[in-house]
Amino acid sequence: MGRIGDGDIHAAFVEFRAKESDKCLSAQCIYCQSVRAKNTSRQRSHLLECPAYLNAMKEHNPDNPILHEAVNGAQSQHTPAKTPKKRDLDTMMNTGFQGTTSSAPHTFPIPKPNLERDFQMSVQLNPKISVGPGIWGQRNWVSFISGHWNGRWGKGTVVPGGQDSQLIAPDLSTHIDANYLLQTHDHPPAFITVKMDGWRVGPREILEKLEDPAHIDEIDPKTYSFRVYVHMETGDTRYLHLNTGMWIASGVRRGTEVIYDAYRVI
């Protein structure tokens, strides 16, 4: 009979044969990519010391038995030959680790990304055009009249003519696939392409109201989620730093307008 947590151990590894001539399988941790021989006890020991795995369990599966063993030590009825010492999980996350396959002489911290509010964009929308049901769902086409934006690195207008090709799922969740062209207030102006990709999701009754112009302004933005990834591109030398940036934006609908607050990932 397997120990408690053995299923979690096996789920954290991908098994493979490094060489066709190898008689034994190898196992790679899907959280930190460390490779070791397929052995449940050794794989368990690795997960007890793997910050990437423990951090993921702490956030998404706090009842995970491996996480509990790492934080509190093994229970007496499941005590292995060598019981791990109790440890502070947050300290482990902050101090990092040295993988068994790493050539680094010391442990190293993994930087945590942060979000910094970077710019806001407001766009006026034309009435949506129904393209009709497709193989993936209802397709709508929304074009943009105009708009404006401002942020840490500049300000300007949204050039008329962009569009959002929306895909509506059966539960009314909406996939956003939008393209914009920004013009800066510089002289001469710079032009920056913006691509947004994400989802607007929430309770069905709320999403139904979002499709009704008479009720849009009555809806609390906290009752639905409107999140998109943002990518920007330009050839203007004044704004080349935008080409390698990463953003996540939160959107709201107000009448015939959509407003985005964009946060740069740093």
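## A buried glutamine and its polar contact

A polar contact here is a pair of N or O atoms within 3.5 Å, where one must be able to donate a hydrogen and the other to accept it. In this predicted model, the side chains of glutamine 166 and aspartate 164 are joined by such a contact, at 3.0 Å.

Glutamine 166 belongs to strand E8, which covers residues 163-168. With a relative accessibility of 7%, glutamine 166 counts as buried. What is glutamine 166 in contact with, leaving aside its neighbours within four places in sequence? The list is Gln138, Arg139, Asn140, Val142, Thr174, His175 and Ile176.

## Strand E4 and its partners

Let's move on to strand E4, residues 115-125. E4 pairs with strand E13 (residues 257-265) in the antiparallel sense, over nine bridges. In that pairing, leucine 115 stands opposite valine 265 of E13.

E4 also pairs in the antiparallel sense with strand E6 (residues 138-151), over seven bridges.

## Aromatic pairs

How many aromatic pairs does the structure hold? There are seven. In one of them, phenylalanine 119 and tryptophan 153 have ring centres 5.7 Å apart and planes at 70°, so the pair is edge-to-face. Phenylalanine 119 sits in strand E4 and tryptophan 153 in the loop between E6 and E7, so this pair ties together parts that are 34 residues apart in sequence. Phenylalanine 119 is buried, at 2% relative accessible area, and tryptophan 153 is buried too, at 13%. Both belong to one aromatic cluster made of Phe119, Trp149, Trp153 and Tyr239.

Phenylalanine 144 and tyrosine 180 give another arrangement: their ring centres are 4.4 Å apart and their planes lie at 5°, so the pair is stacked. This pair links distant parts of the chain, with phenylalanine 144 in strand E6 and tyrosine 180 in strand E9, 36 residues apart. Are these two residues buried or exposed? Phenylalanine 144 is buried at 4% relative accessibility, and tyrosine 180 is buried with a relative accessible area of 4%.

## Salt bridges

Side chains of opposite charge can pair when their charged atoms come close. The count for this structure comes to eight salt bridges. Among them is the one between arginine 152 and glutamate 116, whose closest N and O atoms are 3.8 Å apart. It links distant parts of the chain: arginine 152 is in the loop between E6 and strand E7 (154-158), while glutamate 116 is in strand E4, 36 residues apart. Arginine 152 is exposed, with a relative accessible area of 57%, whereas glutamate 116 is partly exposed at 30%.

Lysine 195 and aspartate 177 form a salt bridge with their closest N and O atoms 2.6 Å apart. This pair also links distant parts of the chain, as lysine 195 is in strand E10 (residues 191-201) and aspartate 177 in strand E9 (residues 174-184), 18 residues apart. Lysine 195 is partly exposed at 34%, and aspartate 177 is partly exposed at 25%. In helix H6, arginine 204 and glutamate 208 lie four residues apart, about one turn of the helix. They form a salt bridge with the closest N and O atoms 3.6 Å apart. Arginine 204 is partly exposed at 42% relative accessibility, and glutamate 208 is partly exposed at 42%. Lys128, Arg200 and Glu211 are linked in a network of salt bridges.

Cysteine 29 is buried at 1% relative accessibility, and cysteine 32 is buried at 15%.

## Histidine 215 in its loop

Finally, histidine 215 is found in the loop between helix H6 (204-210) and strand E11 (225-233). With 29% relative accessibility, histidine 215 counts as partly exposed. The C-alpha atoms of histidine 215 and glycine 255 are separated by 8.5 Å, with the two residues 40 apart along the chain.

Note on methods
Residues numbered from 1 in each chain as written. Predicted model: local features only at pLDDT ≥ 70, side-chain atom pairs only at ≥ 80, totals over all residues. Heavy atoms only, no water. Buried < 20%, exposed > 50% of the residue type's maximum accessible area, 1.4 Å probe, protein only. Helix = DSSP H or I, 4+ residues; strand = E, 2+ residues; numbered from the N terminus. Pairing = 2+ DSSP bridges. Salt bridge = Lys/Arg side-chain N within 4 Å of Asp/Glu carboxyl O. Contact = heavy atoms within 4.5 Å. Phe/Tyr/Trp six-rings, centres within 6.5 Å; stacked < 30°, edge-to-face > 60°.
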